[in-house]
Each structure stands twice: as structure tokens, then as C-alpha cells.
Amino acid sequence: MRLDFTDIVAASGGFTDKATRSAGAEVEMRGFMAPPLKPEINFFILTKLPQAVCPFCDTAAAWPDDIVLVRMARPVRAINYDTPIRVTGLLDLGEKTDPATGFVSLVRLVDARYQRV
């Protein structure tokens with residue numbers, strides 16, 4: 001199933017019905033890889049629009065509705081922030097803090113893979 005960024009967070013701030021129904025299922029999203037901290041990565045931020053700086057957030061309350069944390073199935077090389085990509089992975093919803101990085105997220109694609117569009 002393909003999800004757009006607008007399919008995830010409702011105007012009320014909660015998750016949309018489409019996102020809730022898709023939780024745990026494999027979905028496809030399109031966007032851009034925000035610049036990661038190093039060239040070889042096992043996670044990155046998928047953004048709706050190209051961003052030259054990664055939009056790290058310190059709390060879930062500040063989490064923008066147009067970014068998704070992507071956890072890769074295996075490490076990959078980062079690509080330019082303005083290259084459109086298609087990401088496929090399992091949709092995971094709800095506030096979580098990554099124990100290794102301390103990164104807080106509300107929406108994740110896990111066991112993901114990507115390809116240039």
C-alpha cells in the first residue's frame with residue numbers, strides 16, 4: 001500500500017484511520033533522504049521536501065508531520081538530499097525513543113529498503 005505524508009497524521013494531531021489500519025503492514029512512501037550524520041547508515045529521516053539539514057527533534061510534541069524515521073534492513077550509503085526516493089518498509093506508529101541514539105520518533109518504517117525514483 002502506498003502512503004503519502006498526509007495519510008499519516010490527522011488534523012486533530014492523532015493518526016489517520018488509513019495509517020492505523022496500515023500499522024504493521026508493508027507500505028511504500030516517497031520523499032527525500034535528509035542528510036545523515038555519516039556516509040554509511042542504518043537509519044535516516046524521510047522528508048516530504050528536500051532539506052539540506054536533518055530535522056532532528058528532541059520531543060515527540062515537536063515532531064513534524066512531514067518526516068518519517070526509516071530504519072534500514074541493512075546498512076546503506078547515504079545519497080544526496082535532493083534525490084527523490086521510494087521507501088518500502090513496515091509501518092510502526094507511536095512514540096518511541098531509540099536506545100542507541102536517543103532519537104524520538106512518532107512514525108517509523110522498519111526493515112526498510114529504498115531506491116531512487
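Is Lys96 buried, exposed or partly exposed? Lys96 counts as partly exposed, because its relative accessibility is 41%; the cut-offs are under 20% relative accessible area for buried, over 50% for exposed and in between for partly exposed, using a 1.4 Å probe and protein chains only. What you are looking at is a predicted model, in which local features need pLDDT of at least 70, side-chain atom pairs count only at pLDDT 80 or more, and totals for chains, interfaces and linings use all residues. Residues are numbered from 1 along each chain as its sequence is written, and side-chain values use heavy atoms, with hydrogens and water left out.

**View 1. Asp92, Lys96 and Arg108 are linked in a network of salt bridges.**
A salt bridge here is a side-chain nitrogen of Lys or Arg within 4 Å of a carboxyl oxygen of Asp or Glu. Asp92 pairs with Lys96 at 2.9 Å, N to O. Asp92 also pairs with Arg108, again with an N to O distance of 2.9 Å. Asp92 and Arg108 are both buried, whereas Lys96 is partly exposed.

**View 2. Glu28 and Arg30 meet in a salt bridge.**
Their side chains come to 3.2 Å, N to O. Arg30 counts as partly exposed because its relative accessibility is 31%. Across the structure there are 7 salt bridges.

**View 3. Five strands close into a barrel, in the order S1-S2-S3-S5-S4.**
The pairing in this barrel is mixed, and neighbouring strands are turned by 50° against each other on average, direction ignored. For such angles, axes are lines fitted to C-alpha atoms (for helices, over the stretch in contact), and the values run from 0 to 180 degrees between N-to-C directions. Two strands count as paired if DSSP finds at least two bridges between them. S4 and S5 pair in the antiparallel sense over 10 bridges, and here Ile85 is partnered by Arg116 in S5.

**View 4. Thr47 is a buried residue of strand S2.**
S2 covers residues 40-47 and is mostly covered, with 6 of its 8 residues buried. Thr47 counts as buried because its relative accessible area is 0%. Phe32 stands opposite Thr47. A polar atom of the Thr47 side chain lies 2.7 Å from the backbone oxygen of Leu49.

**View 5. The largest nonpolar core has 22 residues.**
A nonpolar core is a set of buried Ala, Val, Leu, Ile, Met, Phe, Trp, Tyr and Cys residues joined through side-chain atoms within 4.5 Å. Those with the most contacts inside this one are Met29, Phe44, Leu46, Val68, Val70, Val87 and Leu109. At least two of its residues come from each of S1 (26-33), S2, S3 (67-77), S4 and S5. Val87 touches, among others, Val27, Phe44, Leu46, Val70 and Tyr114, not counting residues up to four places away in sequence; contact means heavy atoms within 4.5 Å. Apart from this core lies another, of 6 residues, including Ala34, Ile45, Ile67 and Phe103.

**View 6. Leu109 lies in strand S5.**
Leu109 is buried because its relative accessible area is 0%. Beyond its neighbours within four places in sequence, Leu109 is in contact with residues including Val27, Met29, Val68, Val70, Val87 and Leu91. Leu109 and Ala25 are 84 residues apart in sequence and 9.8 Å apart in space, C-alpha to C-alpha.

**View 7. Gly14 belongs to the segment before helix H1 (17-22).**
Gly14 counts as partly exposed because its relative accessibility is 30%. Leaving out residues up to four places away in sequence, Gly14 touches Ile8 and Val9. Gly14 and Gly94 are 80 residues apart along the chain, with their C-alpha atoms separated by 9.7 Å.

Notes:
Helices (H or I, at least four residues) and strands (E, at least two) are DSSP runs, numbered from the N terminus. A polar contact is a pair of N or O atoms within 3.5 Å; within protein, one must be able to donate a hydrogen and the other to accept it, and residues adjacent in sequence count only if both atoms are side-chain atoms.
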